[in-house]
Amino acid sequence: MNTLQILGLIALPILIWLYWLERRRHRRTTERMGRALQDMSGRLTVDAHTGLLTLAGFEARLAEEVQRVGRTDGSLSILSLSLDNFTLITNGFDSIGAAQIVQSVATRLSEAAGPEARVATLSGSDYLVITSGGGRIGSLLAERIQKAFAQPVPAGASGRSAPVSCSIGVAVYPQHGNQAEIASLAGLALRKAQEAGPGHWRLYEPAMGQQARDEAVLVQDLRQAVAEGQLELYFQPKIDARSLQVTAAESLVRWHHPTRGFVSPGVFIPLAERYGLIGDIGDWVIQAACEAAAQWAEIGLRMRVAVNISGHQMRQTDLVEKIVATLRLHQLEPGRFTCEITETVAMEDTAATRLTFEKMGRAGLHVSIDDFGTGYSSLASLRQLPAAELKIDRAFVTELETSEKARNIARSVIELARSLKLRVVAEGVETPGQRDILAGLGYNDLQGFLFCMPVNAAEIQRMATGGGGPAGRVGFRDSLYATDFQGELAGRATEPGALRG
Ligand code: C2E
Ligand code: MG
Ligand code: MG
């Protein structure tokens, strides 16, 4: 072999290696070009305000990561993240403060995610995070992010800060699903985390997918139930804590599913909210409650009826007009209609809910803040509402006999109500012990299985006329049979211990 041949033999692998390097460089350049073209196609990949990825940026990154996972046989985790009660938190700030909080959240998230992960913003309160690695890595990242929010986030140069917590769902590609569905599976896990309350995270489980499918079937059935008038309205009496007589009744919607049996409103009302059915259900409840009150009036029972109003209804611009028109149709005074609005919804304080509250006040409707103690009310915000009543949440009532903390909460709710001149109601009273504690603390009205289960309108009528049902145990306040209901209301307000009502 001559020198030339030897040199050729040495040079050949080098040439092959150089050729392979050039091919790799070319492939990467083409890939980058592809990405750049995608950017130039008009889809913004980076959010100018926060520097986080946009949804388009997230999708591009996901596609890239999916290819990498295909080559390496690895996995990647998607985190779907939502800030808890974010509108409530930003409501305390002006628009500049709120924008600064969003910016601080973005920074905190990026730092917690670290260089291995990328964060995308979907809105001020919803985010997606993508990281390589399976469920363990994704779960650790979820924990790290939640810990990062243990300290409040700064609201710009104002020196103020805001307490922020987040809920997170984690799903893993390819174990849990394909590229197209993985983010929505993380969203399903997020919904499950949110059901456990603020500040939780959950790893996706296949059962969650089955639950989502069951939910879709239930929604379809609910749609049919609404259309076919399968819903029924029940009423649970509110009892005066001193005389133990009925003073009013709260309406509670009931759905007897043809095959599943009783489905709790705690299950189907949130579904109705999410799938746009609450408008029809809410309208029907208002109408049915007024019809029942008018029927009772025919037997001389002039009793106030309460209706639970959902967040969606509070945002309807014509809600109060609809209630007032229905009351007029049945010749009922507005003061005989209580709107029960949960504390969380009441504190949303958006322009729409503020307007509805104002209109409720002007129309003379009776407003009650339901499930009180579970939300974030402040004295100042409560004072602005046209509320006449606070209803302490059942959870505190349940623990009254066993927990000093629950008794303290029950006591502070009554002090708060007194300072605002509001009536106080306790729901979920099941034992004589709870009844005695609440009556001793000065609660005005009590409600619970101890006195009466929710019953239909005819049963209320039978009870009021002294026949059937648990009438032996529950009597009705004499003044409810008075012909002058406004006089009755005025009379109550001047009773010793009676508050605004
Ligand atoms: P809520 O308004 O706080 O109603 C009180 C719930 O506690 C009712 O459950 C009632 O049946 C139950 N309850 C009453 N006394 C007791 C007791 O002594 N012990 C126990 N363990 N429970 C008691 P329900 O009827 O299942 O309703 C659950 C929630 O669904 C309601 O909570 C309300 O938020 C919502 N809801 C019910 N009906 C309607 C409606 O017509 N419209 C809207 N938007 N929401 C409704
Ligand atoms: Mg209620
Ligand atoms: Mg309640």
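Along the sequence, the residues that donate to the magnesium ion, ligand 2, follow the spacing E-x57-N-x31-E-x29-D, where donors are N, O and S atoms within 2.8 Å of the metal (3.2 Å for Na, K and Ca), and since water is not among the atoms, sites may look incomplete. Please keep in mind that this is a predicted model, in which local features need pLDDT of at least 70 and side-chain atom pairs count only at pLDDT 80 or more, while totals for chains, interfaces and linings use all residues. Residues are numbered from 1 along each chain as written, chains are lettered from A and ligands numbered from 1 in the order in which they are written, and side-chain values use heavy atoms, with hydrogens and water left out.

The four donors are E250 through OE, N308 through OD1, E340 through OE and D370 through OD, at 2.1 to 2.3 Å from the ion. Because E250 sits in strand β9 (residues 245–257) and N308 in strand β11 (residues 304–309), this pair ties together parts that are 58 residues apart in sequence; helices (H or I, at least four residues) and strands (E, at least two) are DSSP runs, numbered from the N terminus. E250 is buried at 5% relative accessibility, whereas N308, at 29%, is partly exposed; buried means under 20% relative accessible area, exposed over 50%, and partly exposed in between (1.4 Å probe, protein chains only).

Turning to ligand 1, a polar side-chain atom of N308 lies 2.8 Å from one of its oxygen atoms, and for D370 the corresponding distance is 2.9 Å. The side chain of R394 likewise has an N or O atom 2.8 Å from an oxygen atom of ligand 1. On its own, ligand 1 has 800 Å² of accessible area, of which the protein covers 85%, the areas coming from the Shrake-Rupley method with a 1.4 Å probe, and for residues only the protein chains shown count as cover.

Finally, the core. The largest nonpolar core has 85 residues, among which W296, F337, I341, M360 and Y443 touch the most other members; such a core is a set of buried Ala, Val, Leu, Ile, Met, Phe, Trp, Tyr and Cys residues joined through side-chain atoms within 4.5 Å. Helix α9 (residues 278–298) supplies the largest share of this core, ten residues.

Methods: Polar contact = N/O pair within 3.5 Å; in protein donor to acceptor, adjacent residues only side chain to side chain.
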